[in-house]
Amino acid sequence: MNQLVVFGIEFLLASSIFYLVYLIIKDHTTPTFKRFYLLSWMVFSVSLPLINIELDRLPNLSVTKIMSESSIQPKPKPDLKFNQNNESFEEGVKDSKTVILSNNESQTEVNWRLVFSICYLVISVFYLIRIIIGIVQIIRLRLVSSVLPDENSVFQVNSSSFKGASFFNWIFIGGSIETDRDVIIQHERVHAKLGHSVDILLSHIYRALFWMNPFSWVLKKLIGLNTELEVDIHMLREKDAINYANTLLSLSSNMKDSAIMNHFGAFHLRSRILALTKTVRHNHWVSILTFFSVVGLFFTISCENINSSEVMIERMNDVKSITTRFVSHQTDTQQKTGKIVAIASFSPDGTLEELVEQTSYPYDREFEVKKVFWEAPEKSGIPYVMDGLSLGTAEKSFLYGHDWPSAYYKHLSAKNQSIDLPWWQKTITVDSEVLPTEIQVKHEYDSNIVDFGTPNVTEYFEYENEKVVKVFLKTEYLQIDDANETIKELQELVNKNFTKEQKAILDERRANSGQKKLASQYIYEGDLLTIIKRGDSERRFYYENNLMIKSEYVKSGEVINTRIHYYKNSLKDRTEIFNRYNEPEYTITYEYEYW
């Protein structure tokens, strides 16, 4: 699910729970406590959905959405034909058909999303501009008002309808007010002392940013009411409740000035006067209830965002074996449906014992191949290499980590020690075994042997934050010594056995001999590998909750192959494979056996 949609749902859920708790505590707590609670509501309703707690959650994936979000839209291919008789096919390709049917709608969906985003931002900017205009109006009011003598920061407004208001330490009073001036000034001084302008301003900004959430409007109203109730409580320490209520009634008016000021007696009169007749004692049990409610809310909301990749690794420790099978969605290969793709076996401690691949894309191979690993691979990377369809150079990162050149060097050294030929040897050098930046493989031959196809190879690596970001390759092909007649005769003999195409390839290799070229480039988002560029081809990877949900193979700007991954209990459940036309080709299913 789109992260903004997830945030919106969790934000709405948090706001609704905060409001329900407020309805419970509002008649049993003081305005000061409620002020703290309302401000906490504003902060935590936004921050809680952004906090991660690593508990299990099944990614909620939409194939239609994933395919439509692809950066490259493949060309549609007409006259699609599928076999509808196989029940496994019906189940495996159900979501895949949705992709085909919605190809013409995907662009519209993206456009509507863009239109909605623009409309939302326009409305938010509109409300933010209103806040700025309100502040400008207050500043203008301050400039045209006269300072009252012997009153600090009190300004008289020459307006018959203006009663009283405050904004931070600025206190305004109407010039037409003759009685109860001291009550108004004292009321507004309490507002200034308690810093209520901060509450009002924050509530307006909160509403502007999250205007689509109905609870943001409710919260703004509640904060405005609570600031007045808190001041009223302070005023009753020196004023009689009946007389003070009459003052509110006689001086109240609906102001047309800036809404971000605290206006004397202008709002919530009925609620305030009713509150003046009640004696509210703070219930400490309600405070405790509120605390535990917020803590419960914290876990409820935060547990929606998890690191599923680590949960996957933990559960892989209990797996005894993984078997992958495929379902074909092509009419000419239905007889192969159900065939095993690969079997991985694990030891009780969770390490991989072996991985045997029985077939590979296009799943027509009839012999087994035991996959050889450089070293013990990452547990979470095993399922990604069991589809029978290569991930290219990306497999190195998924199996051995982003610092894979160190494992690569160990593999080369071990392999070299196992080869013992009298006429040929290989020397391997490295500048560092931890994060090697240069690995050289040099071949040495007996003087009577000439090899035309095996070069000396040097690989160069660049890192950022201990992750491979660039790989360079330099090949140097062996040259023929013209002064050696024996070698020249051997060259002529070997050349006679080469085809024209083979000779052309050798000539091109020798022409490029010794040139250092960029072989591949790795791009990350945080710790997640997202793109590998290799010549005119790319591998692209998309994630949700740190689990790969989609991968693409792109060549010359065209998506050649797409794989969409599904999970169950944070373990890979199936993979849907699509061709360049968005046609579903195969479904790979995963069967787990546990210790």
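Reply: **Charged pairs**

Lys 320 counts as partly exposed, because its relative accessibility is 32% (buried is under 20% relative accessible area, exposed over 50%, partly exposed in between; 1.4 Å probe, protein chains only). The model is predicted: local features need pLDDT of at least 70, side-chain atom pairs count only at pLDDT 80 or more, and totals for chains, interfaces and linings use all residues. Residues are numbered from 1 along each chain as its sequence is written, and side-chain values use heavy atoms, without hydrogens and water.

Lys 320 has a partner, Glu 593. The two form a salt bridge (a side-chain nitrogen of Lys or Arg within 4 Å of a carboxyl oxygen of Asp or Glu). Their closest N and O atoms are 3.9 Å apart.

Next comes Glu 354, which is bridged to Lys 370. Here the closest N and O atoms are 3.6 Å apart. Glu 354 belongs to strand β8 (residues 352-357) and Lys 370 to strand β9 (residues 369-370), 16 residues apart. Glu 354 is partly exposed, because its relative accessible area is 32%. Lys 370 counts as exposed, because its relative accessibility is 53%.

Now look at Glu 552 and Lys 550. Their side chains meet at 3.6 Å, N to O. Both residues are buried.

Some bridges join up. Asp 387, Arg 563 and Lys 572 are linked in a network. The whole count comes to 16 salt bridges.

Methods:
Helix = DSSP H or I, 4+ residues; strand = E, 2+ residues; numbered from the N terminus.
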